[in-house]
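This report describes selected features of a predicted model. It takes up covalent links, sheets, helix packing and local backbone geometry in turn.

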Amino acid sequence: MKASILVPSALALVAGLGFTFSNTSEGYALLSHSLSTAQRDFRVYNTFINSGANNNVAPDTQFPGAQGAVMAIWKGCIEWGSRLHGNGNGDSTQNGDLGSGGANFDATFQGEANYVGTLGDNICSTVSGTPNGVLAYTEINGSGSWRMRFYDSWNWADGPGSISGSQMDMQSVACHEYGHALGMDHSANAQATMAPAIGNGQTSTRSINFDDIAGVQAKYGVAGANKPIVSGITSAVLGQITITGSNFGANNEVWFTRQNFVGTGTPLTVGGVASTNGGTQIVVSVPNDAQSGDVLVRNTSLSGGVSLSNAWPFDISSIQCPGQGTVCTGFPNSTGATGELYIFGSQNVAANDTVLTAAAVPANQFGLFVYGQGSGLLPVSNGIFCLNGSAFYRLGIVQTTIFQTASYNLDLNNLPPGGQISAGQTWNFQFWHRENGGVSNFTDAVSYTFCN
Ligand SMILES: [Zn+2]
């Protein structure tokens, strides 16, 4: 693969601080290659070794699921996007302005890789060696794919704000190197992100300037009037998102970020998705292999960069079925232990496979599982009733086993009147049983959400 390198484009360290910018003229230059829509993915192999490279652990709603070097490089690359990435926030040095290219060009963050990869893998990683003033470089092959390397001997900083004067800014360097990846050469404009050098502590080139913008627009064309635009993502149903925007086609692909360490960088896509409301809305189920990242929409009746929308942040926790929770803990029963409730199954209403199980309850006693959507703390007999005492439903009577357990297959198609369960609802369950000696007691209560 080495033989196919066209341009090992590097970014150098400016010797010393305080160098002056004197050239403000248009100075961009273009490399011969461009990236097809099939090569818009980028991944990060996070092998940075200095502590400052991964000490940003604060979540950012515009970069969900990422932190440290991964988040910094994600920010650096999407700055070249056609329009604001989400609300454009995420970089305090250019508030509300991440995503500035205005061209028929958008990249898709495809999560983390766990290998360096070849030139065709579009992965950002570190490399050891003697840099001689070089910070990083991007290898490019003739078919329009690439690999980005950062020398790990530098004191890299992941931001997210300004950095100290002894550090090198990873986001700025990623932004510069991704400029090479997409087909930009060094600019003669010293204030451009594509200027060939950067100083210690410098963060100004996180933001591409007019010269860089002119370059990417010359390479890919000014963003077309028919280019799909994503302007929001909401979720009314677990497992599903509604994408709002404009210029969506009759038939679209929705691109998701694939789970870390899975796949080869090819975006996770859902095809054959129609739009509604005059091409302004798309409803799509989120595939299992998706993770938090970006969502893009491609109008399949178009081709090239104009067919692919801007990248919009997507937090998968907003659509995932929540886990179980404890509603309240019971009192010890006549076994000496506190009864426990377990709920097994897929949470999927169509699967209808929920099994309620009580444990550590008295053997050979009658009991029944109860459920409701409210909660309470009502002392009853020897125990504590954790549901709303005036709005709960009883399931069929069961007998506990000699192993001090009881079990019930919850049939969603055969529930008590008024107690129907639907996807998206959370219900609380508890087991109510006779004690040895004639009184009653309860297990703890567990909340359980049903989903599609
Ligand atoms: Zn360079």
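## Disulfide links

Cys321 and Cys451 are joined by a disulfide, with an S to S distance of 1.9 Å. The torsion about the S-S bond of Cys321 and Cys451 is about 85 degrees, and the disulfide is therefore right-handed. This pair links distant parts of the chain, since Cys321 belongs to the loop between strand 16 and strand 17 (325-328), whereas Cys451 belongs to the segment after strand 27 (445-449), and the two cysteines are 130 residues apart. In the whole structure, a search finds two disulfides.

As a general point, the strands of a sheet pair through backbone hydrogen bonds, either parallel or antiparallel.

Within this arrangement, strand 12 (residues 252-256) pairs with strand 13 over four bridges in the antiparallel sense, and Phe256 has Leu268 in strand 13 as its bridge partner. Strand 13 also contains Val270. When residues up to four places away in sequence are not counted, Val270 touches Asn252, Glu253, Val254 and Phe256, and also Val284, Ser285 and Pro287. Of these contacts, Pro287 is 17 residues from Val270 in sequence, and their C-alpha to C-alpha distance in space is 7.6 Å.

Among the paired residues is Leu341, whose bridge partner in strand 19 is Ala358.

## Packing of helix 1 against helix 2

Helix 1 (residues 68-78) packs against helix 2 (residues 170-181) at an angle of about 45 degrees, and their axes are 7 Å apart. That angle makes helix 1 oblique to helix 2, and the crossing by which helix 1 passes helix 2 is right-handed.

From helix 1, the contact draws on Ala69, Ala72, Ile73, Lys75, Gly76 and Cys77, which meet Met170, Gln171, Ala174, Cys175 and Tyr178 of helix 2. By residue class, the contact of helix 1 with helix 2 comprises eight nonpolar residues, two polar residues and one charged residue.

## Local backbone features

Which residues are joined by a cis peptide bond? Gly159 and Pro160 are joined in this way, with omega about 10 degrees. Pro160 is placed in the loop between strand 7 (156-157) and strand 8 (168-169).

Another backbone feature concerns Asn132, whose phi is positive, at about 50 degrees, although this residue is not a glycine. Asn132 is likewise found in a loop, the one between strand 4 (123-127) and strand 5 (134-141).

How values were computed:
Residues are numbered from 1 along each chain as its sequence is written. This is a predicted model: local features need pLDDT of at least 70, side-chain atom pairs count only at pLDDT 80 or more; totals for chains, interfaces and linings use all residues. Side-chain values use heavy atoms; hydrogens and water are left out. Axes are lines fitted to C-alpha atoms, for helices over the stretch in contact, and angles run from 0 to 180 degrees between N-to-C directions. Angles under 35 degrees count as roughly parallel, over 145 as roughly antiparallel, 65 to 115 as roughly perpendicular and the rest as oblique. A crossing is left-handed if the near helix is turned anticlockwise from the far one by less than a right angle, and right-handed if clockwise. Contact means heavy atoms within 4.5 Å. Ala, Val, Leu, Ile, Met, Phe, Trp, Tyr, Cys and Pro count as nonpolar, Asp, Glu, Lys and Arg as charged, and the others, Gly among them, as polar. Two strands pair if DSSP finds at least two bridges between them. A disulfide is a pair of cysteine sulfur atoms within 2.5 Å.
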